[in-house]
Amino acid sequence: MVAILTILLVYHKYTSREKEPFPDVRFIVNSSTSTALSDFDPNILNREQWQQLGFSERQATTILKYKNMIGGKFMSKEQLKKCYAISEEKFGEMESFILLPEVSAGNNSKEINYFEKKKIMIRGKFNPDHFSINDWIKMGFSKKQAEAILKYKEYLGGSFISKEKFKECFIISPENYGKLEPYLLLPARTPEEFRNLVKNNAPKTKIQHQSFDPNLLSADGWKSLGFSEKQAATIINYRDRNLRGSFKSPEDLQKCFVISAEKFQEMKPYIKFSPNSGKKHETQQQKTDFSKTDLNTISFKQLIEFGMDERGAGSIIGFRKKLGGFVNKQQILSTYNIDQELVQKLIAIAPLDTSGVPKYTLADAPEEWLKNHPYFKYSADKIIYYRISNPDDRKIWKFLKLKPEYEERMRWYIK
């Protein structure tokens with residue numbers, strides 16, 4: 001037996017293949033590093049662009065679904081932050097580059113969360129014309145939604161008229177309308193004789209038209225043509241702000257959204273432009289010499305005078321206030337809600353005086369300033385911590401280990 005085992009061992013040793021070395025195994029971790037961040041509008045990003053920011057395909061899809069759920073548009077950073085696919089850390093990394101306001105404006109009906117997920121409680125059949133704000137709130141709508149529903153009823157002339165008109169209320173989602181419809185004590189169809197009272201609040205008396213110059217009409221003049229007080233104010237604002245003081249042709253007047261095609265055709269034969277009436281208004285409007293107006297002191301009214309809308313002008317003033325002043329003209333172009341072409345023209349003309357902009361060293365900068373400044377607030381806690389034991393700017397910069405583009409922006413405000 002010993003002899004046989006010995007023979008078998010020798011046979012196995014010389015006939016078997018040499019063992020191949022087992023290769024080293026390396027586990028490849030899917031990197032989520034994003035491209036170098038720059039200012040971006042999250043409302044225009046597609047799935048691939050969200051992935052370029054460092055999100056997975058599934059996360060990118062979730063973000064787009066969330067955007068659709070809230071009405072198809074992010075209104076503020078606060079709203080974007082609520083998307084569960086975006087972590088606190090990731091949001092903090094992106095926040096300073098997001099071209100959105102910090103929070104939604106409280107009085108802007110466009111920024112109401114129309115599709116807020118709340119359970120609607122219906123106790124029985126009801127007439128929505130008789131509902132107060134509290135009644136809508138009890139049903140499950142938010143206070144802002146309830147206020148908007150009542151404003152829509154006022155817009156229709158004080159009554160929802162029909163289920164068709166009620167369904168058109170932009171606050172009420174299709175899902176909620178489906179729940180409410182069987183309980184509504186309203187006619188199914190809108191009567192043919194019904195006309196939107198808001199479009200024409202004037203008495204149903206025939207207007208005796210006379211020739212008029214739209215550049216010279218006051219609010220009372222527009223009201224005498226059959227427009228409501230609010231419509232008259234809108235037309236004047238459109239003329240003075242959007243068109244910088246004057247209608248150049250009947251077509252300019254036709255473009256004003258409160259003037260219906262029917263109303264324009266009614267007025268068109270009577271529109272007469274007086275000689276130099278437009279030039280007179282332009283002279284009155286353009287009083288500011290923008291080549292001598294500092295971008296760090298330019299006012300809201302002056303920005304409107306230059307041709308910006310209220311939203312863009314307000315955004316520039318607000319951003320400048322947060323920064324403590326601009327130190328580089330290109331900063332203005334990163335402001336959200338602006339007309340880029342118009343701002344390019346402004347910064348090409350207007351000077352920028354940076355002498356009044358507060359600047360500090362990292363070691364001496366006030367804590368409140370660090371925590372509130374758009375460029376420093378995400379590194380504020382680290383700066384405050386590092387400077388306790390190392391009150392030397394060079395060392396603090398090394399410890400921070402910032403991306404070059406972040407550091408460059410911050411150094412604009414450092415002595």
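A: The answer below begins with the whole protein and then turns to the core.

The model is a predicted one. The protein has 415 residues, of which 40% count as buried. Its secondary structure comprises 22 helices and 0 strands. Among contacts with a separation of 6 or more, 58% are made by residues 24 or more positions apart. The protein exposes about 26300 Å², and carbon and sulfur atoms supply 52% of that area.

The largest nonpolar core contains 37 residues. Leu346 and Phe376 are the residues with the most contacts inside this core. Two or more residues come from each of the following elements: helix 15 (300–306), helix 16 (310–323), helix 17 (330–333), helix 18 (340–349), helix 19 (367–372), helix 20 (380–389) and helix 21 (393–400).

Phe376 can be examined individually. With its neighbours within four places in sequence left aside, Phe376 is in contact with Leu362, Trp369, Leu370, Ile383, Met410, Tyr413 and Ile414.

A disulfide is a covalent bond between the sulfur atoms of two cysteines. A search of the whole structure finds 0 disulfides. Cys169 counts as buried because its relative accessibility is 1%, under the 20% cut-off. Cys256 is likewise classed as buried, because its relative accessibility is 1%.

Conventions:
Residues are numbered from 1 along each chain as its sequence is written. This is a predicted model: local features need pLDDT of at least 70, side-chain atom pairs count only at pLDDT 80 or more; totals for chains, interfaces and linings use all residues. Side-chain values use heavy atoms; hydrogens and water are left out. A nonpolar core is a set of buried Ala, Val, Leu, Ile, Met, Phe, Trp, Tyr and Cys residues joined through side-chain atoms within 4.5 Å. Buried means under 20% relative accessible area, exposed over 50%, partly exposed in between (1.4 Å probe, protein chains only). Helices (H or I, at least four residues) and strands (E, at least two) are DSSP runs, numbered from the N terminus. Contact means heavy atoms within 4.5 Å. A disulfide is a pair of cysteine sulfur atoms within 2.5 Å. Accessible areas come from the Shrake-Rupley method with a 1.4 Å probe; for residues, only the protein chains shown count as cover.
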